[in-house]
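Please read the points below with the sequence and the model open side by side.

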Amino acid sequence: MGGPVVLGIESSCDETGAGIVQDGRLLAHVVATSMDEHARFGGVVPEIAARAHLHSFNPVVREALDRAGLRIGQIDAVAVTTGPGLSGALQVGLAGAKSVAYAAGVPLYGVHHLAGHVAADTLEHGPLPDPCVVLIVSGGHTSLLLVRDLVREPILHLGDTLDDAAGECFDKVARILGLPYPGGPAIDRAARSGDPKAVAFPRPLTRPGDDPYAFSFSGLKTAAARWVEQHVQRGEDVPVADGAAALQEAVADVLTRKALAACRAYDVKTLIVVGGVAANSRVRALAEKRCASAGIELRVPPMTLCTDNGAMIAAVGDLLVRAGTEPAPLDVSIDPSAPLEYASLNPLARPAARVA
């Protein structure tokens, strides 16, 4: 007999994910993506994403249960992303999770999406060290956190992005370079044959006097756009591979430089890098090199757990259940712009406005 079996549901953007975790062990996880439907628009279309979640929810949950060799009656709790994310997408996931929890007669737990990314690492490397520095890098978020007990204590933000997140910068510059969506993987592929020193792109917020832990990538995006414009105005071919390699190097340099500075300042011996951009080959390689030089342990989840998935939400749910956390109330709702303060996120439905 093991501990409680937790089903996790993720639907904050364009991936419908279901994962099953028991005692910190991943039993199964399945992801359906609508990325191809958004690619022709160069970005995620919220209405298309919500419709895709509707179509994918039941098949994804069924397949996760099948892979784990479980029936719905063997689930002990359901965890679901309640924010942040796209409003319609979150609503679909929450409605489905409520239905599953009701049908199975089990408690429901609301989970903060970014806490899920942090917890994803526990499925590969075990419990989080106390304390640890966590660098979250994704399409919509870039944050440096000091984490102690993920589900029992507040999460300390050391720094966040002031404008474009790292993944957003990759997406926008990829479009400028004529590369396909999503931009992160496309930049990574193109950079393999490029020279990272070919273009002297800026390193935002790394000068003396700048906030040591804050991020800003809008200026880097603009610098890349101006570099492309200069080639076009001169009638020259744009050296895409060099531009991609130099951009990737600049992003990786800033991310890892600030993360290592935080580890030194707070005397933390473990850095955890999570989120979709953690799959970037140069971010991983530079983090490994700099952590090894500084004597800091680096933990990065497997590629399949870096992008959005239900396993990471189940991992938080598993920790919440084992910590004895109260489940979500029946009228739990969503918060599309929820700040990360605690792993548990249980916003209440707001009453409808009265019409005069």
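1. Helix α12 gives the most to the lining of the second largest pocket, with 4 residues. The model is a predicted one, and that applies to every point in this note. Besides α12 (310-322), α5 also supplies at least two residues of this lining.

2. How much space lies in the second largest pocket? The value is about 300 Å³. The pocket is lined by 18 residues, and those closest to its centre are T122, P127, L128, L319 and R322. By class, the lining divides into 9 nonpolar, 3 polar and 6 charged residues.

3. The largest pocket holds about 1200 Å³ of space. Its lining has 40 residues, with S138, G139, G140, D171 and Y181 nearest the centre. Two or more lining residues come from each of β3 (25-33), α4 (113-120), α6 (166-176), α7 and α11 (303-306). Of the elements, α6 gives the most, with 6 residues. The classes here are 14 nonpolar, 17 polar and 9 charged residues.

4. Helix α3 covers residues 87-104, which is 18 residues. What span should it have, and do its ends agree or disagree with that? At 1.5 Å a residue the helix should span 26 Å, and its end C-alpha atoms are 26 Å apart, so the two agree. Just after α3, G105 has a positive phi of about 70°.

5. Which residues of α3 are buried? They are A89, L90, V92, G93, L94, G96, A97, V100 and A101. An α-helix has 3.6 residues a turn, so residues three or four places apart point the same way. In α3, the buried residues pack against β1 (5-10), α2 (46-68), β4 (77-83) and β5 (108-112).

6. The structure holds 16 salt bridges. One of them joins D130 and R148, with the closest N and O atoms 3.8 Å apart. D130 lies in the loop between α5 (122-125) and β6 (132-137), and R148 in the loop between β7 (142-147) and β8 (156-160), so the pair ties together parts that are 18 residues apart in sequence. D130 is exposed, because its relative accessible area of 54% is over the 50% cut-off. R148, at 38%, is partly exposed.

7. A second salt bridge to look at is between D253 and R203, at 2.9 Å from N to O. This pair links distant parts of the chain, 50 residues apart: D253 is in helix α9 (residues 240-265), while R203 is in the loop between α7 (183-191) and α8 (218-233). D253 has a relative accessible area of 6% and is therefore buried, since buried means under 20%. R203 counts as partly exposed, at 25%.

8. D164 and K172 also form a salt bridge, and their closest N and O atoms are 3.5 Å apart.

Technical notes. Residues numbered from 1 in each chain as written. Predicted model: local features only at pLDDT ≥ 70, side-chain atom pairs only at ≥ 80, totals over all residues. Heavy atoms only, no water. Salt bridge = Lys/Arg side-chain N within 4 Å of Asp/Glu carboxyl O. Buried < 20%, exposed > 50% of the residue type's maximum accessible area, 1.4 Å probe, protein only. Expected span 1.5 Å × (residues − 1). Contact = heavy atoms within 4.5 Å. 1 Å grid on protein atoms, 1.4 Å probe; cavity = no way out; pocket = protein on both sides within 12 Å on 5 of 7 lines; lining within 4 Å. Points joined across faces, edges and corners; volume = space filled by probe spheres on them. Nonpolar A, V, L, I, M, F, W, Y, C, P; charged D, E, K, R; others polar.
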